[in-house]
Amino acid sequence: MSLGAIDELRAGFEQPFWALGRDVASDGRTVVVSWPSVPVELVRAAGLAPIFARGRNAPTPTAHGVLEPDLFPNRLRQLVDAGLTGRLAGVAAVVLPRSSDPDYKCFLYLRELARLGTAAELPPVLLFDLLHADSPDARAYNADRARSLYADLASLAGQPRGDDELRGAVASANRARTAARRVQALRAGAPRLSGVDALPSLGAFLQLEPERYAALADAAADSLAHRAPLEAPRVLVAGEPVDGAALHAAIEAEGAVVVAELSPFGACGTETDIDSSGDPFAALAAHYERVIDARLPVGALMQRLDAALVSADAVVISLPPDDASFGWDYPRYRELLARHAVPHAVVHGDPAGSLTPSDRGRIQSLLDDARARREAARVY
Amino acid sequence: MSTKQFESTLAAAAFQKQWFGELRRRVFDERRPYALIQADVPFELFDLTDIPAVSNQWWSSIVAAKRQAPAFLSAMAADGIPGPLCRYCSLGLATTRYPKAGDAPWGGLPTPRLLCARLTCDCIHRVFSLWADAFGAELYEIEHPAASELPPKWWELTRHRWRELIEPHRLDFVAGSLERLIEKLESIGERRLDRAALRERLERVNRQEEIFDAARKLIASAPVTPVRMTEQIANVMATQWVRGTDWAIAHAQHFHDELRARRLGRRRVCENEKARLMWVGAGLWHDTDFYSAFEKSHGAVFVWSMYLAFGPDAYIRYGLDDPLAALASRTATFNEFLHNPPWAAEWTVAQALEHRIDAALVLHPKSMKPSAMGRFFIERALERAGIPVLRVEADVVDALAWDPAAARKAVAAFLEERVLE
């Protein structure tokens, strides 16, 4: 059952974005989202289904003509390429959160391309703007933005929706989060599943219908709990958050196991539930404001890194050419990792592509170091 | 270095050096506070609460112009901070974090009482956090709510219809943020902000920018270019950091009058003017001679950069019954004007047409990622308007990433093949 469940979870994570454009009827009930800083509960409560743009090792020739090189991550290149080639023509909307400059600029680009007639088949393109300031003004602003997005999506879906539907969606998502946390727990200590299985199993939370996700994740966790632990250096993936398992696969091909990633698609996506007993919009905004993205305050990010280090023998920090934010954290990373005596390596290739030879060399050296430290710890 | 053709340019440079010396004296001798802030933070609020403010971008440009940037940036790279990250906003940080790496101009930055930045680009929070740590000083951040509606021809709305420029929820939030900033400044300084004085200051800023608007019109309509772009920048930027003060208004007038006299006297930058160029993007502070390098060889003169034109179009606000709301409307829209589609592209084209531009050089500052975005839109809009474009890849402060000879050769070829043919 576990393999079947994981396969289905993987399919629920990997396939939806690439399937867009094939079935107009099902596309019409979907909303394409560029980063998980948009509450999936809002989308579902509006009667729509979220699908996330994802990077992969495939060219984007159409996007190449409108996106300046080295500024946009792979996932946004794929999104713009899909928009310009008509693959998004049938979806209900595209929602871009202001989770990074590239996401925000992508929103402006798509709007402008539609205005200029370059992307004539685009659906409505919406912005979701969450601020990170810890102030009453910012919290009120964020709750209003959530309320506004809900109204926009419900309008596009053509059905009036209220707070009860939203609270129901939050409750369903919380049940799915509980199941996801069971999967993540199996990566702690002596890991029972690889990173290439874990990340899609966790990331599917964002796209699968919550009850189905919970059933599959529970089944996977039940079965995996009896597996023998994987004996390999345990790696944490940090830096610019990954949106897929390609980097995990490359690391694990060198004989390691990725046990966590600072990414809302993986270990950090389902850590806590949402309490919607009060104002559900305020609760959603407060929850999603803490999602890891390029605008998350560095103090909060370092806390997540500190907590995740418990299970890691080594850290791979991904800082691809498009990164404008996470590289600034490197001095803090280095200091924290030195304090924990955890070795690290920095890689600069596209995490959605294949490793460069120099990145592979750095990872191999890192894992050699981690193995030597594990061996020394075992001896002493 | 090209000879200065304007007395006001020399006066502006002298003023800045003297102002910075006075700042250091106040900080060291009198233990008075000062603030280190991003260029898009409203300086008026600091001045009116008696807290002098130093612009991060101004300081970066000075360090770069003094040829000190490579040393500090190399130290930052050696510290593991990746090269492709923004150098313009972080060069000042490098002068503080690695003080022994180079020779910071004029004795370097003293420790500020406060660092203040609007959270526009992703890197700002990171850079200023590191900088505040390096100084052991307080950081005050101003959130930047994002625009989702950008009405066309923004420059026709800014003066009288500025409330239409910005969504009400954003205007309210930014005005509230400025209220919080005022509370912070009042807690640091010894002076409370007088709202009547704020209104008066904004009226004086309007006056200053009206003078620059007149200067811009003189340049745009002149048969031949009377003032180098670099001298426009020097005069405009020296006043922008102290805008609305007596000196700033007087200096703006001095520049304008000198410009008018040169135009009336038919004095020109270049005897053989054949092509009028525009520079789109921040200035190449490490190689400002680049902007006069094609005058003798090709009769090509840089006529326009954003620095002079931006003030009149972006700063002036009439109808100051609620001065804080007016200031908020300016503050909130800054980045959109210069970088974001459709605003940046349509303004650039309008300016090119007004200035009878023959060709544009568009900077692609790869390390300044948000500023490097939207460039394709600008280039295509210019080309659609019949203005040939040359793309220039460079960093505005990092001379190590710049080959002056190759750049000049590329521009010469562009002029010969597409502009002067």
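Two strands pair if DSSP finds at least two bridges between them. Helices (H or I, at least four residues) and strands (E, at least two) are DSSP runs, numbered from the N terminus. The model is a predicted one: local features need pLDDT of at least 70, side-chain atom pairs count only at pLDDT 80 or more, and totals for chains, interfaces and linings use all residues. Residues are numbered from 1 along each chain as its sequence is written, while chains are lettered from A and ligands numbered from 1 in the order in which they are written.

**Exercise 1. Determine the strand order of the open four-stranded sheet in chain A and identify its edge strands.**

Solution. 

Step 1. The order in chain A is β6-β5-β7-β8, and the pairing is parallel.

Step 2. β6 (257–261) and β8 (344–347) of chain A each have a single partner strand, so they stand at the edges, with one side of each left without a neighbour in the sheet.

Step 3. On average, neighbouring strands of this sheet are turned by 30° against each other, direction ignored. Here axes are lines fitted to C-alpha atoms, for helices over the stretch in contact, and angles run from 0 to 180 degrees between N-to-C directions.

**Exercise 2. Follow the pairing in chain A from β5(A) to its partners, and state how β7(A) is linked to β8(A).**

Solution. 

Step 1. β5 (residues 234–239) of chain A runs parallel to β6(A), joined by four bridges. In this pair, A:Val235 is opposite A:Val258.

Step 2. β5(A) also pairs with β7(A), in the parallel sense, over five bridges. A:Gly239 faces A:Ser318 of β7(A) across this pairing.

Step 3. β7(A) and β8(A) run parallel and are joined by four bridges. A:Ile317 stands opposite A:Val346 of β8(A).

Step 4. Between β7(A) and β8(A) the chain passes through helix α15 (residues 330–340) of chain A, in a right-handed β-α-β crossover. A crossover is right-handed if, with the strands pointing away from the viewer, the path from the first strand over the helix to the second runs clockwise.

**Exercise 3. Describe how helices α13 and α14 of chain B meet.**

Solution. 

Step 1. The axes of α13 (residues 323–339) and α14 (residues 343–354) of chain B cross at roughly 65° and come within 5 Å.

Step 2. α13(B) contributes B:Glu336, B:Phe337, B:Leu338 and B:His339 to the contact, and α14(B) contributes B:Trp343, B:Ala344 and B:Trp347. Two residues are in contact if their C-beta atoms, placed from the backbone, lie within 7 Å.

Step 3. These contact residues comprise five nonpolar, one polar and one charged. Ala, Val, Leu, Ile, Met, Phe, Trp, Tyr, Cys and Pro count as nonpolar, Asp, Glu, Lys and Arg as charged, and the others, Gly among them, as polar.

**Exercise 4. Why is α9(B) described as largely enclosed?**

Solution. 

Step 1. Helix α9 (residues 229–240) of chain B has twelve residues and reaches 16 Å from its first C-alpha to its last, close to the 16 Å expected at 1.5 Å a residue. The expected span is 1.5 Å times one less than the number of residues.

Step 2. Twelve of the twelve residues of α9(B) are buried, so the helix is largely enclosed by the rest of the structure.

**Exercise 5. How many residues of chain B are in contact with chain A, and which helix supplies the largest share?**

Solution. 

Step 1. The contact involves 35 residues of chain B and 35 residues of chain A.

Step 2. On the side of chain B that touches chain A, at least two residues each come from α6 (122–135), α7 (168–188), α15 (369–372) and α16 (375–384) of chain B. The largest share, seven residues, is from α6(B).

Step 3. The residues of this side of chain B divide into 19 nonpolar, nine polar and seven charged.

Technical notes: Buried ≥ 20, exposed ≤ 12 C-beta atoms within 10 Å, placed from the backbone.
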